[in-house]
Amino acid sequence: MQTSPQILALCSKFNAVLLAEEETRLRIAAAPNPPAQMFEALRFVCDKHIEIEVWPTERLEKARHLAGRAKPATSPEGGQTVVTLLNETLQKAMALRASDIHFEPTEEHYRIRLRVDGVLQLQPALPLHLSAAFTARLKVLGNLDIAERRLPQDGQMDMDIGGSKASFRISTLPVRYGEKVVLRLLQQTEQPLDICALGMSSRDTKLFQSELAWPQGMILVTGPTGSGKTITLYSALNALNQTGINVCSVEDPVEIPLPGLNQTQVNIKAGLNFQNVLRALLRQDPDVIMIGEIRDGETAEIAIEAAQTGHLVLSTLHTNSTIETVIRLEQMGIARWLLASALNLVIAQRLVRKLCPHCKRRGTHKTILPPDTWPDPLPDLHAAGCERCYSGYYGRTALFEILPIDSALRTAIASGAPMSELESIARQRGMVSLFESGCLAVSQEQTTMEEVYRVLGVSRG
């Protein structure tokens with residue numbers, strides 16, 4: 001029996017899963033306490049007995065994900081508008097904890113993918129003819145030029161989704177079969193902004209908190225896009241957010257609005273860039289300055305100057321490790337002696353997927369690494385996969401490499417010591433590398449070595 005499109009649409013609307021449709025009955029899986037409107041709507045479109053199975057949220061997530069992969073060409077019918085479909089897609093993305101939403105026109109259909117725990121997950125595809133309407137709707141919400149289809153555009157939009165407010169960064173790009181649109185979820189209110197909740201060791205947490213107590217200097221958080229730098233920075237700002245401290249930020253865009261902070265968003269079209277805002281902030285009697293990202297030498301120079309003149313400066317940089325941060329700033333034109341006097345702390349971080357506690361498996365063979373890399377055998381863990389998770393993983397945890405700049409490192413940086421010597425000094429003072437942090441997570445059975453290799457790009461050989 002062919003399932004009615006209206007029934008599928010209603011299941012999607014109420015985040016339910018259709019288990020079976022027979023001549024006289026429907027079997028549906030739903031979250032605890034399903035709304036009465038769902039029963040009324042289903043009875044309206046079909047005169048059948050409705051049986052509801054109550055499933056945990058994780059199991060429903062997995063089932064909807066698998067259904068999306070199995071039915072890539074489902075077509076919306078029954079009067080659903082583009083506005084309704086888009087709202088349902090965004091609501092589903094938030095329910096699945098997605099960080100990014102990809103709308104991609106292909107040769108045959110309109111593909112939608114959600115990035116969950118750092119990995120893209122395919123969703124039910126839509127007919128290709130809806131791509132233009134979806135793109136136009138998203139452009140309207142992001143205040144972009146609907147008529148401009150030849151050039152990339154960027155913007156931001158705020159929406160009320162499922163009773164909660166959410167902010168998205170929107171980016172469009174011309175591709176072969178139309179325009180691809182990517183949304184980045186900016187505000188995740190459920191994420192606690194607490195330094196103790198970041199996942200650092202107790203030693204590193206105390207070190208981070210002590211460095212935040214200094215009245216001046218620079219703290220940098222490094223890593224690629226999607227490595228959790230924003231949450232680390234905002235957790236620090238939240239700890240510093242007191243009535244006796246003037247905390248100012250310059251961001252592109254403002255990702256998490258925090259009451260009590262003076263947050264300024266750059267506007268390149270209006271001539272308001274990072275450099276202009278930073279110079280203005282220095283005349284605003286700041287105690288703490290947060291720079292969303294150091295992108296060029298001029299911004300780096302102003303930040304270093306602020307860190308040397310009685311301000312605590314926090315920012316991010318795209319580097320692979322803590323030591324590489326020193327080299328990158330030098331390449332931007334910052335003199336080594338200035339770096340040595342301004343830097344207080346560098347944090348490098350990554351996010352790895354956590355093993356699902358319900359289906360993880362332990363193999364019989366231990367993983368043996370060279371003694372100078374990790375001294376003890378590591379458990380042979382496998383991501384089996386079940387109805388509660390995504391391919392054996394659910395959620396993520398952070399790996400950290402933290403480098404405090406002490407007197408020995410300041411001397412080495414100022415004297416122009418090479419990267420290998422700086423790393424040797426840091427290791428002698430107890431710095432734990434990102435790979436060692438990953439091995440620790442494996443030893444605690446939080447993740448697998450395969451996931452550590454994938455995220456860090458480390459060769460198994």
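This is a predicted model: local features need pLDDT of at least 70, side-chain atom pairs count only at pLDDT 80 or more; totals for chains, interfaces and linings use all residues.
**Strands**

Strand β1 covers residues 17-21 and strand β2 covers residues 25-30; the two run antiparallel and are joined by 4 bridges.

Arginine 25 stands opposite histidine 49, a residue of β3.

**Helix α7**

Helix α7 runs over residues 229-240 and has 12 residues. At 1.5 Å a residue the helix should span 16 Å, and its end C-alpha atoms lie 17 Å apart, which agrees with that expectation.

How enclosed is α7 by the rest of the structure? Of its 12 residues, 9 are buried, so the helix is largely enclosed. Buried here means a relative accessible area under 20%. The buried residues are Lys229, Ile231, Thr232, Leu233, Tyr234, Ser235, Ala236, Leu237 and Leu240.

**The cavity**

The count of cavities of 30 Å³ or more is 1. The largest cavity holds about 30 Å³ of space. Its lining is made up of Ser12, Lys13, Asn15, Glu88, Gln91 and Lys92.

Which helices supply at least two residues each to this lining? They are α1, residues 5-13, and α4, residues 82-95. The largest share, 3 residues, comes from α4. By kind, the lining residues are 3 polar and 3 charged, with no nonpolar residue.

**Cysteines**

The number of disulfides in the model is 0. A disulfide is a covalent bond between the sulfur atoms of two cysteines. Is cysteine 196 buried or exposed? Cysteine 196 has a relative accessible area of 56% and is therefore exposed, the cut-off for exposed being over 50%. Cysteine 248 has a relative accessible area of 4%, so this residue is buried.

Key. Residues are numbered from 1 along each chain as its sequence is written. Side-chain values use heavy atoms; hydrogens and water are left out. The expected span of a helix is 1.5 Å times one less than its number of residues. Buried means under 20% relative accessible area, exposed over 50%, partly exposed in between (1.4 Å probe, protein chains only). On a 1 Å grid over the protein atoms alone, a cavity is a set of points where a 1.4 Å probe fits but cannot get out, and a pocket is an open set with protein on both sides within 12 Å along at least five of seven lines; lining residues have an atom within 4 Å of a point. Grid points are joined across faces, edges and corners, and a volume is the space filled by probe spheres set on the points. Ala, Val, Leu, Ile, Met, Phe, Trp, Tyr, Cys and Pro count as nonpolar, Asp, Glu, Lys and Arg as charged, and the others, Gly among them, as polar. A disulfide is a pair of cysteine sulfur atoms within 2.5 Å. Two strands pair if DSSP finds at least two bridges between them.
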